[in-house]
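Hi everyone, thanks for coming. Let me put the model up on the screen, and then I'll walk you through a few spots in it.

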Amino acid sequence: MKRYKKYKRVDLPWLREVPEHWEILPNKVFLKSKKKVVGNKEHEYELLSLTKNGINVKGNNNFTGKMPETFENYQEVNIGKLVMCLFDLDQSAVFSSVSKYKGKITSAYEVFEIIGANKKFVDYYFRYIFQDRKYKVYSKSVRYTITKDEFKNIKSIIPPLSEQNQIANFLDWKIGEIDRLVGLEKNKIEKLDELLFNKLNSIYDNLKNYNLVTLKRISNVYSGKEVVDEIKKSSSSFEVYGSGPTAFKYTSNYLFDGKYIIFGRKGTIGKPYILDKKFWLVDTAYAITNNKKVSFDYLYYILRIFKWEIFTTNTVKPSVVADEIIKTKVKLPTIKIQKNINKKINMLENKIKMYKSLVNQQIQNLQELKLTLISDVVTGKIDIREIEIPEEYRREIDY
């Protein structure tokens, strides 16, 4: 793809030149503040959330986190409106999106009506701005916040409307192709995980010379407890875990010290993972460890292929009960055979890990290509005006 014939110098912190015929104008020229609280009509609006993947419908009955007493102070969002997060510009996981839905969203965000500009172009432009957190330079506050008025006076790159349309359609086309390729790569990851699971089951099914014993005879299971004193992360704090392998809070004490297999009893059922340190475990999960009759790795292997779905209770939120789990009989070969199985599994996992690493690298390359393409097109580094876009991506009116 070629460059434009002529460029002009611009005084932007993140850019030095744009095509000669493009304008540099304050955001207030094409963005109009549009804040309207929903008030006592809150129940007429679906709850929306600003995410890394745009604005999603969260639903009024699917609220996570601290529930507000009322949504009356939330603001209205209509289709085609731009939602901006103008605080925590140094670390916030979200920044902006043009909404495809009508609903309500927290008043902590700013909502703008897009005037005289292609909404899709504006969406892509602010995705470019979010790269490298370009607006952080404008903030003077501790929380890296800019006010609505400060935002409206920041200058943006504005191509002619016809080029905005072409850019938006071109990026829809190319980003769609890249996302399709990313999907194919992610499908490879799923297939590799499926292959590994089937291999692990095959090893177990073909076992010979074993005893059938209950899990109770070869392991000890412990319940988690709810955290009493949640504190901020520090050098003296301990990580708190639940049914997933990521710490989600911190506390001043620990409940377990050593190597344990953790499996969820609520929310994420089963899905065993290993922790080997001092940590706290909440009551949505169990910790289990081996005794002398079984190796730790073999016990972990058994729990990875365990039929967890058989033991879920018939409640609104499915859960498992440890007393039922430990009654299950499993195949227990000699320690020598266990070690051979563990060795075979390690070799297999290392191969799968290598393949997954290559696939993940390809996914990362595609994601970087997507960011580079958006950056190059919305800033005029490449000229796509004469590129023929497939019919299905040619849209004059968006949203």
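I'll talk about aromatic rings, then a serine, then cavities.

First, some housekeeping. This is a predicted model, where local features need pLDDT of at least 70, side-chain atom pairs count only at pLDDT 80 or more, and totals for chains, interfaces and linings use all residues. Residues are numbered from 1 along each chain as its sequence is written, and side-chain values use heavy atoms, with hydrogens and water left out.

On to the rings. I count Phe, Tyr and Trp rings (for Trp, the six-membered ring) as a pair if their centres lie within 6.5 Å; planes under 30 degrees apart are stacked, over 60 edge-to-face, and the rest tilted. That rule gives 32 aromatic pairs. Take Tyr4 and Tyr7: the ring centres are 6.2 Å apart and the planes sit at 90°, so this pair is edge-to-face. Tyr4 also pairs edge-to-face with Trp22, at 5.8 Å centre to centre and 75° between the planes. Strands here are DSSP runs (E, at least two residues), numbered from the N terminus.

Are Tyr4 and Trp22 buried or exposed? Both are buried, meaning under 20% relative accessible area with a 1.4 Å probe and protein chains only. Tyr4 comes in at 7%, and Tyr7 counts as buried too, at 19%. Elsewhere, ring pairs link a cluster that includes Trp14, Phe95, Phe130, Tyr135 and Phe151.

Now the serine. Ser97 lies in strand S9 (residues 96–98) and is buried, with a relative accessible area of 5%. Its side chain reaches the backbone nitrogen of Ile55 at 3.4 Å, which falls under polar contacts (N or O atoms within 3.5 Å, one able to donate a hydrogen and the other to accept it). Beyond neighbours within four places in sequence, Ser97 is in contact (heavy atoms within 4.5 Å) with residues including Leu50, Lys81 and Asp123.

Last, the cavities, which are sets of points on a 1 Å grid where a 1.4 Å probe fits but cannot get out. Lining residues have an atom within 4 Å of a point; among them are Cys85, Phe95, Phe130 and Tyr135. Thanks, everyone!

Note on methods:
1 Å grid on protein atoms, 1.4 Å probe; cavity = no way out; pocket = protein on both sides within 12 Å on 5 of 7 lines; lining within 4 Å. Helix = DSSP H or I, 4+ residues; strand = E, 2+ residues; numbered from the N terminus. Buried < 20%, exposed > 50% of the residue type's maximum accessible area, 1.4 Å probe, protein only.
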